[in-house]
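Hello,

Here is the structure you will be taking over. My notes on what was found in it follow below.

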Amino acid sequence: MKCKALFASILAALLSSCSDDSSSSKADEVSVHASDIPGYIQVKAVGKSVVLGTNDSTAKDNERPKMKVTFDYDFALGRSEVTCGEFNEIMGKANLPEGLITKVDCEEDNLPAANVTYYDIILFANAKSVAEGMDTAYSYQSISLDGEGHCSNMTGLSLRTGVDAFRLPTEAEWMAAAQIRWNPDNSWNAENSDYRSHSVCGFVSDSLHFCDLEGNVKEFVYGWLGNFSDTTVSNFMGAPQADGLGQRVLKGSSFKLNKETAMAYRRGDDYVVTSATHADYVGFRLAYGAIPDPTWMNGNSVSTSNTVSLVNSFAMKKHLGTMQAKLAFRNHITGNLEFIDYSLGSKVFEIADTLTVYHPDISPNGQWVAFCTSIEGVDAQSNVYVRRLNYAGTDLVKLNAERAAIPRWRVTPDGDTVLVYVTNAGDNSDKNVFSGQSTWEVSFSDGMFGRPHKLFDGAYHGGVSADDRLAVTGSRLLRTRTVTDDGVVDSVWYNSEQACNVSLSKDDSKRTLFLDFGRKRDKENNIEGYGVHERILVVDSTGSEIKYVSAPDNFAFDHTEWATGNRAVASLTNYNGVHEKIVLVDMSTDSVMALAEGSELWHPAFWTEESDFYEESELDRDSAGVYLNENDGWASVLMRYNMELLWRYADSANVAILGSSRPLYSISPRLLSKEFFGVNFAHTPNSLYSTRDFLDKYIFNHLKNLKYVVISLDMDFWWKVDGQKGDNFFVKDVKKYPGYVYDENHDYWKDGIPAGLLQVTEKSLGTEDALVYTFDRGRYLGTLCGSWGKVPEIEVDSTFSDKDDCLENSLETLEGILKECEERGISVVGIIFPQSPAYANTGAFGRYGLRRSVAKKLIEKIGGLSKTYPHFVLMDENKMGDHDYGDEMAVDFDHLCDKGAVQITARLDSVLQGLEK
């Protein structure tokens with residue numbers, strides 16, 4: 001029987017008033033006027049400001065502190081949330097990709113359009129612009145659809161900020177509207193909505209007042225969810241890139257939340273919201289107008305970059321045979337290092353600090369990036385640095401050398417990883433000056449430099465072969481140093497003509513590529529003409545030209561470099577000389593593939609793993625271990641790392657921990673006694689049904705030493721249903737991922753885990769914060785201690801058990817798990833996790849409801865199961881709220897933090913010790 005869950009919210013403690021935290025002074029506020037666009041209000045914002053965030057210490061980290069945003073432009077904003085009627089009409093007439101949803105299901109046309117992804121909204125905004133005869137605000141390369149027809153990913157998505165078109169509002173624009181008149185008393189909320197959306201503008205008749213900001217449905221706005229800083233920012237766009245979870249900003253409140261929680265500064269949801277999230281309580285409104293001089297910011301990191309990747313990780317894998325590829329480059333607008341790690345998706349990361357970055361080069365293992373602080377062709381002071389190539393740019397180390405420029409990695413014949421650099425990268429036309437410079441080498445290991453030593457005279461910054469027998473350099477002449485049997489020969493190749501961007505191949509072929517300054521067409525000698533930098537020229541180890549590759553039409557090359565294998569990487573400049581793309585050039589096919597696009601992208605370096613692993617493995621490279629898609633939600637991220645942990649510890653683990661985010665946050669495998677090798681397979685959202693299926697499909701089959709199963713008994717979740725409409729990942733979501741389908745097609749490898757499955761899983765798409773899912777063998781490390789809160793939230797109708805058989809179904813599922821474990825000789829520990837003690841003052845057992853009187857009887861039933869299943873132990877750590885987990889041990893209303901994890905894991909360990917005896 002279907003379980004009907006009515007969503008309610010009995011709110012958290014009253015916080016400081018919204019007017020204090022979301023408004024500027026009246027003199028500084030925006031004003032509104034009638035707009036020429038029907039249904040829109042013109043916002044006069046030039047010279048005005050708004051305040052984002054709050055200084056309230058109880059707010060989330062990404063909502064603090066206050067940050068002032070000023071505007072240099074006016075814009076128009078939808079008076080209401082976009083309605084179902086408008087969405088369906090425009091999408092129904094638009095030229096859309098086959099299979100994409102063209103309508104949302106609504107009982108009335110005037111209800112807000114909800115249950116759409118961020119990307120669905122992008123497509124709608126473009127379709128609306130086209131319908132109005134306008135240019136579009138968004139550009140992209142390709143899209144992906146999920147099983148329901150929603151757009152779940154966009155490659156190369158970019159907001160064209162200079163275009164007057166329909167688009168999502170920025171958070172600052174949304175707040176400009178909210179600060180005018182914020183009144184949660186006049187909103188559709190949990191107290192009056194019957195837990196469903198209502199027609200827009202039900203509380204507003206004034207045509208110059210925005211509707212439903214305070215309720216009805218939450219709203220997507222433009223921007224990644226990042227951090228604020230106590231400063232002033234102009235034309236704020238949000239964070240420059242996604243965090244590890246790819247979270248988007250949501251504004252406003254909804255019909256499922258109590259009005260007291262409707263704070264204008266709030267920016268998210270209880271659940272992680274990504275670009276692919278769609279929910280019945282999340283909709284949107286649109287803005288209209290260009291945004292001049294946009295600024296992105298995350299904490300103290302300010303950027304004007306809007307670089308986008310044009311290739312997603314799966315396209316890169318198809319092209320290269322692996323996702324283990326990285327692109328690093330200089331953003332010449334900001335001076336910062338930017339990079340894309342295709343094993344983490346197609347996000348562009350920017351490492352912003354006080355260092356200016358030129359000529360980055362990625363280490364042979366792909367883990368480090370070296371760079372210098374001055375540019376080729378300039379006689380200037382320069383230093384060399386190395387740092388980890390991760391999103392935080394950690395472990396920065398400076399080379400202790402008076403002058404060092406143009407670092408290049410290489411591996412010596414002895415297998416040592418070293419950096420080659422020069423003392424000067426200036427013009428090399430004067431032979432005497434050039435000879436007075438020198439080329440050096442320094443070892444690098446475990447994040448530290450060794451002692452530098454000189455290789456030879458001359459600044460050969462184009463590369464030195466592994467055997468030291470060939471060195472090359474450019475700018476302005478193509479100078480070479482060759483070691484022959486007769487000695488050292490210094491030469492100038494290419495007829496002493498001007499050459500630059502010289503790069504020696506990374507393999508043993510000793511090919512050199514470079515750019516020149518063009519050729520006039522010579523009809524008499526049948527010589528084809530070309531312009532400056534329009535060809536990459538390649539010569540062999542003797543200087544003889546062996547090939548060239550032409551730039552795409554209307555572009556020229558710059559900053560050419562050899563990459564791994566038979567590929568080169570380069571910037572493309574347009575007719576104005578702007579470096580607007582980075583491309584990968586396949587020398588074997590002369591093909592040019594665009595990788596990234598932006599404004600002034602300089603000095604690219606490209607790395608890919610050189611491995612014949614896939615050739616040696618019988619696994620399907622397109623399916624095996626692929627448990628994640630780009631921009632997926634948190635549930636999929638958690639399960640992707642659960643699968644990696646499963647294959648890694650299949651022969652070691654004897655304790656499997658399963659359940660919801662409650663054990664995910666608080667059961668620490670590393671804190672268990674040495675005889676208990678635990679792995680935390682908890683994930684969210686979760687139900688007993690997904691725990692059952694995870695056990696049946698994977699855990700029982702592969703943890704050969706399994707002795708103990710630990711399960712969270714989240715009775716307030718027991719309104720969830722089994723099947724497609726529930727939260728069972730193994731029914732609802734697995735078909736979206738080739739890895740799970742591949743496993744199912746091979747009967748979940750019951751006859752044995754195939755060789756290489758762990759390795760391909762490790763090499764498949766992941767996230768940059770993988771360590772927080774793997775360091776403690778599955779316990780999520782990203783939670784900070786807060787408090788239990790004062791007035792706890794209740795998000796599900798507590799009377800659900802009066803109407804349906806959900807409790808009985810869940811109880812039967814639990815018994816099925818206990819029976820299976822009993823037959824296998826496996827002990828089960830069921831934990832009721834502590835929640836806020838304040839629930840004892842309500843009628844609900846916990847955050848997701850269940851009447852307290854019903855909960856007491858249910859706990860008695862569960863405890864009694866140990867008579868039938870003697871290997872089952874109930875651990876009630878909640879005790880109906882009368883527990884000893886203090887405020888300092890909590891994250892929020894129903895989760896423990898690190899301090900609580902120590903206590904509850906110690907108690908679990910004691911129970912396991914008892915079972916061991």
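The lining of the second largest cavity is made up of five nonpolar, eight polar and three charged residues. This is a predicted model, and what follows should be read with that in mind. The second largest cavity holds about 150 Å³ of space. Its lining counts 16 residues, and those nearest the centre are Leu344, Lys347, Glu630, Asn631 and Asp632.

In total there are six cavities of 30 Å³ or more. Several elements supply at least two residues each to the lining of the largest cavity: helix α3 (118-131) and the strands β8 (151-155), β9 (158-159), β11 (218-224), β19 (308-309) and β22 (349-351). Sorted by class, the lining of the largest cavity has 16 nonpolar, twelve polar and five charged residues.

Next, a pair of helices. Helix α10 (residues 688-702) packs against helix α16 (residues 806-824) at an angle of about 25°, and their axes are 9 Å apart. Because an angle under 35 degrees counts as roughly parallel, α10 is described as roughly parallel to α16. The crossing of α10 past α16 is left-handed.

On the α10 side, the residues in contact are Leu688, Tyr689, Thr691, Arg692, Leu695 and Phe700. On the α16 side they are Cys806, Asn809, Ser810, Thr813, Leu814, Ile817, Glu820, Cys821 and Arg824. Taken by class, this contact between α10 and α16 has eight nonpolar, four polar and three charged residues.

Last, some points about the backbone. Most peptide bonds are trans, and most residues other than glycine have a negative phi.

- The peptide bond between Arg64 and Pro65 is cis, with omega at about -5°. Pro65 sits in the loop between β3 (49-52) and β4 (67-70).
- Thr684 and Pro685 are also joined by a cis peptide bond, with omega near -5°. Pro685 belongs to the loop between β45 (678-680) and α10, the helix that packs with α16.
- Ile406 is not a glycine, yet its phi is positive, at about 50°. Ile406 is part of strand β27 (residues 405-411).

Regards

Terms used: Residues are numbered from 1 along each chain as its sequence is written. This is a predicted model: local features need pLDDT of at least 70, side-chain atom pairs count only at pLDDT 80 or more; totals for chains, interfaces and linings use all residues. Side-chain values use heavy atoms; hydrogens and water are left out. On a 1 Å grid over the protein atoms alone, a cavity is a set of points where a 1.4 Å probe fits but cannot get out, and a pocket is an open set with protein on both sides within 12 Å along at least five of seven lines; lining residues have an atom within 4 Å of a point. Grid points are joined across faces, edges and corners, and a volume is the space filled by probe spheres set on the points. Helices (H or I, at least four residues) and strands (E, at least two) are DSSP runs, numbered from the N terminus. Ala, Val, Leu, Ile, Met, Phe, Trp, Tyr, Cys and Pro count as nonpolar, Asp, Glu, Lys and Arg as charged, and the others, Gly among them, as polar. Axes are lines fitted to C-alpha atoms, for helices over the stretch in contact, and angles run from 0 to 180 degrees between N-to-C directions. Angles under 35 degrees count as roughly parallel, over 145 as roughly antiparallel, 65 to 115 as roughly perpendicular and the rest as oblique. A crossing is left-handed if the near helix is turned anticlockwise from the far one by less than a right angle, and right-handed if clockwise. Contact means heavy atoms within 4.5 Å.
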